[in-house]
Amino acid sequence: MNAKELSYGILRATGIMLGIILLLYFLYEIQSVLVYIAIAGVISLIGRPVVIFLKQKLKIPNQMAVILVLLLVLSFFTGVVFVFVPIVIEQSQHLGQIDMEAFRTDLNNLNTQINTYLGVEEINIIEGLKQSEFVRNFDITAIPKFLNNVFGILGAALVAIFSIIFISFFLLKDSKLMINSILVFANQGNEGKFQRVFNKIKILLSRYFVGLTMQVSVLFILYTILLSVFEVRNPIAIAFICATLNLVPYLGPLFAGILMALFVISSNLGADFTVIILPRLMYVMLGYGICQLIDNFISQPMIFGASVRSHPLEIFLIILIAGLLFGITGMVVAVPFYTALKVIAKESLSEYKIVKRLTRDL
């Protein structure tokens, strides 16, 4: 190799590295747009079966079917807003009317009753809060900054909603839009393989996300009934939060259970701990456990078994590894990402024994 070829190779490698760095920087700068596209993709995967049903069974034109599905999505988010906003406004109005002395007394009475019941040394909650670093260092001038941040978040949320709905409309309207975009990167003669992989991934992920939607809906109904029976305040909002937390595998149900327990205690603040709070808390937690059993033994096997075609132990290990590497976000996206990788491996690496075994059900 002469000096000219060596120099050309170094320049070419340097150019490729700079190109990769610039591409990664560009993707980082437009990460919000990528998130919009990803969310719109999920909406299209969930809404596509509904669009097909409206077209084939009810003979509704494609564009009208897409509009109806998006109106259904908007109605859902509007319903969520109408559930939460009145609660936030109501709680904000009550903040100025709280009798702090009565609240302090109720909190310390609850603390005393819990300590007496458990047989531990009494700890003064109010004094503990006063000694906390957050309370001692709280700056009242931070409130205007906080309000500005809130309005900024609201503006960004409106832009995000419009963008997601706009992108979702075209993804639902033209089912070949995404595959045609992907085929641009396929080599000559490999278009058929790309299309098979994409269609298989789309079918599996569509089933998966529809299954998750059904799972959250079932849990939402069960939690709402449970909280309403035991007269917990704002049962619909609490049930929605706890059901949504179940989207985070394994950790989500734990956090949801803790949150539900805290709401049960706060709804009965001032009542006798032994006679009212503890029995009600135990009943709600028992009901929560039954809901989790229904989810674990009925809902989840249907989702993971029928949609992503993976063994429960396989799914557990993938979620665990993704959680260790990428945290909560990794746990949420682990299953769909792993499913896509399995389909690609089946099409491209089927000659390997381990790939054959892992993808035998696809």
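A: Helices (H or I, at least four residues) and strands (E, at least two) are DSSP runs, numbered from the N terminus. This is a predicted model, in which local features need pLDDT of at least 70 and side-chain atom pairs count only at pLDDT 80 or more, while totals for chains, interfaces and linings use all residues. Residues are numbered from 1 along each chain as its sequence is written, and side-chain values use heavy atoms, leaving out hydrogens and water.

Q: What percentage of the residues is buried?

A: Of the 362 residues in the protein chain, 29% are buried. Buried means under 20% relative accessible area, exposed means over 50%, and partly exposed is in between (1.4 Å probe, protein chains only).

Q: Which residues does UniProt list under "transmembrane region"?

A: The unreviewed UniProt entry gives residues 9–28, 34–54, 66–89, 150–172, 208–230, 236–265, 277–295 and 315–341. UniProt positions are in the numbering used here, feature names are shortened, and annotations may be inferred rather than shown by experiment.

Q: What do residues 236–265 look like in the model?

A: That span is 83% helix and 0% strand, and its end C-alpha atoms lie 17 Å apart. For residues 315–341, the chain is 100% helix and 0% strand, with 13 Å between the end C-alpha atoms.

Q: Let's look at H13, then. What is its span?

A: Helix H13 (residues 312–348) spans only 25 Å between its end C-alpha atoms, whereas a straight helix of 37 residues would span 54 Å at 1.5 Å a residue. The expected span is 1.5 Å times one less than the number of residues.

Q: Where is the kink in H13?

A: The kink is centred on Phe326, and the angle is about 145 degrees. The bend at a residue is the angle between axes fitted to the seven residues ending there and the seven starting there.

Q: How does H2 do on the span check?

A: H2 agrees with expectation, because its 26 residues should span 38 Å at 1.5 Å a residue and its end C-alpha atoms are 37 Å apart. H2 has a kink too, of about 40 degrees at Gly47, shortly before the proline Pro49.

Q: Which residues of H2 are buried?

A: Tyr36, Ala40, Gly41, Ile43, Ser44, Leu45, Gly47, Arg48, Val51 and Leu54. Ile46, also placed in helix H2, counts as partly exposed because its relative accessible area is 26%.

Q: What does Ile46 touch?

A: Leaving out residues up to four places away in sequence, Ile46 touches Phe209, Val210 and Thr213. Contact means heavy atoms within 4.5 Å. Ile46 and Leu205 are 159 residues apart in sequence, yet their C-alpha atoms are 8.7 Å apart.

Q: And where is Ser206?

A: Ser206 is in helix H9 (residues 191–229). Ser206 has 11% relative accessibility, so it counts as buried.

Q: New topic! Is Tyr288 buried or exposed?

A: Tyr288 counts as buried because its relative accessibility is 8%. Tyr288 lies in helix H12 (residues 273–308), and among the residues it touches are Tyr223, Pro253 and Gly257.

Q: What about phi at Lys59?

A: Phi of Lys59 is near 60 degrees, a positive value in a residue other than glycine. Most residues other than glycine have a negative phi. Lys59 sits in the loop between helix H2 (31–56) and helix H3 (62–95), and Lys59 counts as exposed because its relative accessibility is 66%.

Q: Last one: how many disulfides does the structure hold?

A: Zero, where a disulfide is a pair of cysteine sulfur atoms within 2.5 Å. Cys242 counts as buried because its relative accessibility is 0%.
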